[in-house]
Amino acid sequence: MLALLALATAAVLAVMLYLPTGVVLVNAVVEDSIPTLAPFVDVLTDPFYFGVLADVFADPLAIGEHLHALAGWLAAISISVGLEYRLPLPFVQFELPIPWVGVETPGVRQGLFGFTAYQAALSTIASVAIGLPAAYILANYEFYGRRTLRSLTILPFVLPGIMVAVGFYAMFGRSGTLNTILGGVGLGPVAFVESNPLAIVILAHAFYNAPLVARITVAAWESVDIRAVETARSLGASERRAFRDVVVPQLVPAVLTGALLTFIFTFMTFPIVLALGGLQLATVEVWIYDRIQRLDYTEAATLAVLETILSLGLTYAYLRYESAQTGLSQAASPPPKEALFPDLQTVLSPRRLAILGYGLAALILFVGPLASLVVGSLTDGSGFTLRNYAFLLERQLEGESFQTQPWPAIRNSLLFGVATLVVAVPMGVVISVLTVRAGRSGTIIDTLAMLPLAVSGVVFGIGLLQGLVFGISLPGGWQFQVTGAVAIVVAHAVAAYPFVTRNVSPLLSNVDPAMVESARALGASRFRALLDVELPLVASGIVAGAAFAFAISIGEFSSTVILASGSESYTMPVAVERYLGRRTGPAIAMGTLLLCVTAASFVVIDRVGGRYEL
Amino acid sequence: MTELRLAGVSKRYGDTETSTTAGESEAEAIALQNVDLTVNDGEFFTLVGPSGCGKTTTLRTIAGFEEPTTGTVTFDGDPMTGVPPEDRDVGVVFQSYALFPHLSVAENVSYGLKFRAPPAGLTVDERVRELLELVDLEGMGERDPAQLSGGQQQRVALARALAPAPELLLLDEPMSALDARLRESLRRQLSRIQSELDITTVYVTHDQAEALAISDRLAVMHDGEIEQIGRPKDVYREPDSRFVAEFVGDNNVFDGRVVDHDGERATVAVGETQTRVTLAGVPTDATHIAACVRPGALRRETTQNQLTVDIETTEFLGERVRVHGHWNSVPIVLRLAEPPSGETCSVGFEPEAAHVISSSET
């Protein structure tokens with residue numbers, strides 16, 4: 001029985017995951033049915049893609065020359081120390097002497113891949129910088145709403161990327177809420193997005209990934225056994241020293257895990273850059289999308305394969321690193337939590353004031369964009385208006401069939417969400433069961449099944465488009481072909497099932513094997529024991545996984561936008577992007593609708609009683 | 001009911017059974033080596049030994065969770081090779097109890113009745129009530145397992161295992177998570193239930209005192225092999241090996257060289273100073289022997305075989321004191337009514353009180 005399910009899952013994975021990925025690979029290395037590596041050589045040696053590294057790839061053996069170039073570059077760095085008489089902020093006019101270390105590096109041509117890595121690195125630094133204080137507060141202080149806040153750290157991760165991008169636009173745009181507020185005190189307007197789109201993109205990435213870093217770090221922090229700290233203290237270590245020697249070594253792996261994940265995610269970023277930066281800030285992913293729009297499939301496939309190789313390597317490093325860490329079990333005695341604001345006097349201590357300041361900044365960063373989304377949909381720069389929604393309604397009632405209408409988008413989103421859930425949940429559970437049962441060799445299954453985490457949505461979208469939607473000829477004159485809608489569900493299910501697996505597996509491996517053995521000794525077959533004992537015990541994980549599957553389907557943009565192009569199977573995120581091109585008002589209104597649907601699904605999940613794990 | 005027999009059962013890990021990842025050269029681990037034993041119908045049989053000795057593997061082999069690499073397990077002469085656990089008709093109680101946390105106490109107890117009809121015309125509910133009564137948990141059926149104490153959970157696990165009236169009851173260290181006093185009372189209760197039901201029982205424990213107290217017969221295991229099988233008092237009094245002598249109860253074991261033998265008693269030289277002691281039961285042709293004397297046989301008032309023990313530690317046990325020390329570089333443990341006053345203590349033992357564990361002729 002279980003073997004049958006396993007076979008079915010393997011077959012589905014083969015068709016849904018490995019076939020499309022394989023198609024991309026074949027497209028990249030086969031030109032006119034002749035295997036060739038020429039497209040790779042072209043890309044690798046093109047400074048547009050690899051910047052200075054292109055020279056190295058072009059002639060890898062000329063080591064001396066490359067070293068000479070590197071030395072020349074290092075010699076050209078100049079460091080100067082001086083006094084600056086202006087704060088380095090765009091809209092502050094104070095003249096203050098500030099000691100300023102100037103480091104001037106001669107320009108380096110990064111190329112597309114270099115820039116992608118550069119923005120990912122900056123995003124990672126920002127996410128860690130913003131996430132760590134949150135982890136510190138959540139792990140060390142007790143305050144009203146701490147638990148809720150802790151479980152909310154998972155939320156940004158499943159928020160639709162395009163919606164968050166529009167939210168940032170609604171906040172930082174020329175007529176955004178921030179400029180409205182600045183205008184109220186006689187400043188601005190400041191062209192945040194226009195003058196420094198990279199900063200806004202990095203901030204949006206931090207919106208996503210800082211909570212992730214915080215979440216992983218808090219888990220590690222709370223699993224520190226306070227007895228170990230107390231032992232260090234009793235052996236003569238000061239409080240600070242005990243923290244450094246006992247706590248920090250247990251936090252570092254968690255922070256690195258979070259940073260690595262952030263880097264992987266932001267390396268493959270797509271909707272945020274597409275919406276906030278456009279081609280001006282193109283990352284590999286955006287460029288691939290652009291190639292597809294121009295029907296240049298070979299170059300898109302070549303870039304996709306290169307990107308996938310890089311991200312697979314990173315993901316492999318992540319999985320290796322993660323499994324090398326001993327599992328984070330709740331310690332027998334976790335560190336105690338201090339009350340955050342016991343009395344007024346404590347509130348005024350420097351540390352508490354710093355926490356308050358951080359909390360305020362975090363509130364602006366995390367609530368600001370979402371609030372701006374709602375506010376922006378109801379205002380037009382001069383005051384309250386329903387014009388944006390009226391436009392959507394009008395488009396729905398009177399629009400031509402080729403125009404993007406709101407109701408089909410909502411309907412498709414919900415439909416695809418439910419279909420995704422139906423496909424992804426059984427798949428994820430079966431993979432969990434197989435992984436946990438296989439024990440040590442389970443890591444191999446785990447890694448293979450986790451491939452979707454490393455393959456970006458855009459890459460996967462091309463694979464599905466070329467493999468399943470355009471059709472594959474089978475021997476005997478048969479043609480294997482699916483419609484765009486089916487392909488979209490496939491893409492969503494593949495993106496979603498790892499989350500089911502990751503929610504179910506830990507619970508499943510915690511089930512005492514003696515329970516299954518007891519059931520068997522009492523007469524239950526192995527499959528019956530799975531149904532009677534293991535599945536009921538991991539039910540909360542399955543519900544949480546289902547929630548993830550639904551939320552990911554609702555928010556998925558990258559492969560959907562490719563598969564839905566020119567068809568009527570567009571979803572809400574795709575509709576947002578289509579409106580964004582011409583009219584920002586309706587896009588913001590559509591984003592607000594998306595926010596409502598996402599929020600509603602989370603309320604439902606919360607009532608059903610899921611617990612979220614990543 | 002059922003006679004259980006293990007014939008030449010061996011279990012190896014690492015080569016054929018579990019698939020190891022390539023490149024990882026794991027030394028083949030022998031878990032069981034040629035285990036032969038018979039548990040008679042209705043007998044309370046205990047497997048005892050230190051951790052890692054193979055007692056749990058033996059139990060899991062009987063239950064069908066492990067297949068022996070070689071050898072056979074038979075129930076009443078029927079070979080069990082290839083029979084999955086669910087078809088073996090055994091009741092198993094684990095150290096962790098393994099109660100199903102999502103089911104109530106009554107649902108736990110009735111779980112096995114989904115697969116095997118309750119005995120003798122009882123309904124499922126009646127059988128559950130009967131079992132809960134048997135383990136003194138009347139009226140607890142609606143509770144969640146998590147609401148019960150450790151001892152109560154252990155009894156639910158026992159009731160659950162017994163509900164389908166299995167042929168064999170297998171208990172894997174069922175008491176080791178409980179405190180000492182509770183353990184003793186549960187032990188008596190288990191003993192009572194076992195003899196009431198007259199069910200063939202295999203009990204696994206690392207606690208030799210428990211094994212001696214509860215068993216009809218016991219097998220002492222060491223490094224995957226059975227060292228000795230016998231009734232508790234025989235194993236205690238006449239250990240077959242040095243391991244058994246030292247593992248079961250306190251003991252004083254020493255090696256000696258036979259210097260004289262009059263056909264009945266032998267004179268043996270022991271330790272650094274080759275002190276002479278007189279022992280009974282030494283084979284006439286032996287030249288070297290190992291022998292043991294229980295602490296209780298070393299008495300102050302006995303004048304034969306006098307030893308002067310250098311005292312190192314004294315433990316107060318209530319009715320007695322236990323004294324650890326050395327005599328003639330042999331570690332000695334004594335059990336005395338009163339703590340000794342000086343730094344040494346003189347005791348003696350009768351030649352018949354010693355038991356010869358092994359002897360050799362070279």
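Visitor: How much of chain A counts as buried, and what makes a residue buried here?
Guide: This is a predicted model, and in it 43% of the 614 residues of chain A count as buried. A residue gets that label because 20 or more other C-beta atoms lie within 10 Å of its own.

Visitor: What is chain A built from?
Guide: Chain A has 31 helices and 8 strands. Among its contacts with a separation of 6 or more, 77% are between residues 24 or more positions apart.

Visitor: Which domains does chain A have, and how do you know where they end?
Guide: The bounds come from an automatic or database domain assignment. For chain A that gives domain 1 (1-30 + 399-614), domain 2 (52-107) and domain 3 (109-385).

Visitor: What makes residues of domain 1 and domain 3 of chain A count as being in contact?
Guide: Two residues are in contact if their C-beta atoms lie within 7 Å. On that basis 40 residues from domain 1 of chain A and 43 residues from domain 3 of chain A take part. Helices that give two or more residues to the domain 1 side include H1 (2-29), H24 (457-469) and H28 (539-555) of chain A. The largest share, 10 residues, comes from H31(A).

Visitor: How does that side of domain 1 of chain A divide by class?
Guide: The side of domain 1 of chain A that touches domain 3 of chain A has 26 nonpolar, 13 polar and 1 charged residues.

Visitor: And where does chain A touch chain B?
Guide: By the 7 Å cut-off, 17 residues of chain A are in contact with 20 residues of chain B. The elements of chain A that give two or more residues are helix H26 (513-521) and helix H27 (526-537), and H26(A) gives the most, with 7 residues. By class, this side of chain A has 9 nonpolar, 4 polar and 4 charged residues.

Visitor: Over in chain B, why are E2 and E5 called edge strands?
Guide: The open sheet there has 4 strands in the order E2-E1-E4-E5, with antiparallel pairing. Strand E2 (29-39) and strand E5 (78-79) of chain B each pair on one side only, and that is what makes them the edges.

Visitor: How do you know that E4(B) and E5(B) pair?
Guide: Pairing takes at least two bridges. Strand E4 (residues 70-75) of chain B is joined to E5(B) by 2 bridges, so the pair meets that cut-off. The two run antiparallel, and B:Phe75 stands opposite B:Asp78 in E5(B).

Conventions
Residues are numbered from 1 along each chain as its sequence is written. Chains are lettered from A and ligands numbered from 1 in the order in which they are written. This is a predicted model: local features need pLDDT of at least 70, side-chain atom pairs count only at pLDDT 80 or more; totals for chains, interfaces and linings use all residues. Ala, Val, Leu, Ile, Met, Phe, Trp, Tyr, Cys and Pro count as nonpolar, Asp, Glu, Lys and Arg as charged, and the others, Gly among them, as polar. A residue is buried if 20 or more other C-beta atoms lie within 10 Å of its own, exposed if 12 or fewer, and partly exposed in between; C-beta atoms are placed from the backbone.
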